Amino acid sequence: MPEGHTIHRAALDHEAALVGHPLRITSPQGRFDASPLVGAGDSATLRRVEAYGKHLFYVFERGRTVHVHLGLFGKFRRSPSPPKPPAATVRLRLEGPKITIDLRGPTACALVTRTQKSALVDRLGPDPLREDADPGPFFSYLERSKVPIGVALMDQSVIAGIGNVYRAEILHLLRLHPLVCSCEVPKDKVQEIWSLACGLLRKGVVDGRIITTRGFFAARGKRIPRAESVHVYRRHTCLTCEGPVGRFTLRARTVHLCPHCQPYG
Ligand SMILES: [Zn+2]
């Protein structure tokens, strides 16, 4: 599933490509009803694109808003306009004068009211990629929660935008075992989790990929090989100590960790 950096990057890209232009809005698959958006015509003007965690909101004139959540299988495809005829699986096509964005396989793609949008956003924890993020609720949740830190970091109502890769890497960088009780994570490490999330996700937006290793500190512009881009996620050996990487299932998702660098207890 895409993590927060991918969603914010899409928001920036789609905003730059589509905002201010009348967009021809269609649903080749037929599962999105664009008529309330376009009225009697077939186009509407996009005002802005907002990202909160893994959620996107396309705000059109008169405040009409389309909510998109990619889920596990959703994907965007960008092509020059005029586009080729769409595949039958395209849920939503936004055709601008220069760029066309196709969306396939999302978990959610629907018009939402202002109230529905607020309800969706209010359910989310602070998003490290948003300038207006207040980490206070994240800190206080961890302070009183008995759930494992590895579960808390994936809970979008606790912190929004982190997925399996960033979870594995942040916990590794801080030498925290995923099963440590959230309330037992020292305060300074809780602060560091937030700082690392902010730094790593922002870098992810710029790079368009997840790099948590030396690339995090090295000068930009140098291509980091995939095998060296993470410490433990989907690796056989830990990039730090070269010991075997462990994995187990936690709430139906696989956690990757180094038992040597991240001892339990
Ligand atoms: Zn290690």
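Predicted model: local features only at pLDDT ≥ 70, side-chain atom pairs only at ≥ 80, totals over all residues.

User: Why is the site of the zinc ion called tetrahedral?

Analyst: The angles among its 4 donor atoms run from 98 to 114°. For reference, the ideal angle for four tetrahedral donors is 109.5 degrees.

User: What makes Cys238, Cys241, Cys258 and Cys261 donors of the zinc ion?

Analyst: Their SG atoms lie at 2.2 to 2.4 Å from the zinc ion. A donor has to be an N, O or S atom within 2.8 Å of the metal, so these SG atoms qualify. The donor residues follow the spacing C-x2-C-x16-C-x2-C in sequence. Within this set, Cys238 and Cys258 link distant parts of the chain, 20 residues apart. Cys238 sits in the loop between helix H8 (214-217) and strand S9 (246-250), whereas Cys258 is in the segment after S10.

User: How do you know whether Cys238 and Cys258 are buried or exposed?

Analyst: Cys238 has a relative accessible area of 1%, and Cys258 has 0%. Buried means under 20%, so both residues are buried.

User: Why is His256 called buried?

Analyst: Because its relative accessible area is 4%, which is under the 20% cut-off. His256 belongs to strand S10 (residues 253-257). Leaving aside neighbours within four places in sequence, His256 is in contact with Ala168, Val232, Tyr233, Arg234, Val245, Gly246 and Arg247.

User: What makes H6 mostly covered?

Analyst: Of the 10 residues in H6, 9 are buried, that is, under 20% relative accessible area. Among them are Asn164, Arg167, Ala168, Glu169 and His172. The buried residues of H6 pack against H1, helix H5 (149-152), helix H7 (187-207), S9 and S10. Just after H6, Arg175 has a positive phi of about 55°.

User: Which residues lie nearest the centre of the largest pocket, and which elements give two or more residues to its lining?

Analyst: The largest pocket has a volume of about 580 Å³. Its lining has 22 residues, and Val165, Ile210, Arg226, Val230 and Tyr233 lie nearest the centre. Helix H1 (4-18) and helix H6 (164-173) are the elements that give two or more residues to this lining. H1 gives the most, with 3 residues.

User: How does the lining of the largest pocket divide by class?

Analyst: The lining has 8 nonpolar, 6 polar and 8 charged residues.

Conventions: Residues numbered from 1 in each chain as written. Heavy atoms only, no water. Helix = DSSP H or I, 4+ residues; strand = E, 2+ residues; numbered from the N terminus. Buried < 20%, exposed > 50% of the residue type's maximum accessible area, 1.4 Å probe, protein only. Contact = heavy atoms within 4.5 Å. Donors = N, O, S within 2.8 Å, 3.2 Å for Na, K, Ca; no water. Tetrahedral: all angles 85-135°; square planar, octahedral: opposite > 155°, others 65-115°. 1 Å grid on protein atoms, 1.4 Å probe; cavity = no way out; pocket = protein on both sides within 12 Å on 5 of 7 lines; lining within 4 Å. Points joined across faces, edges and corners; volume = space filled by probe spheres on them. Nonpolar A, V, L, I, M, F, W, Y, C, P; charged D, E, K, R; others polar.
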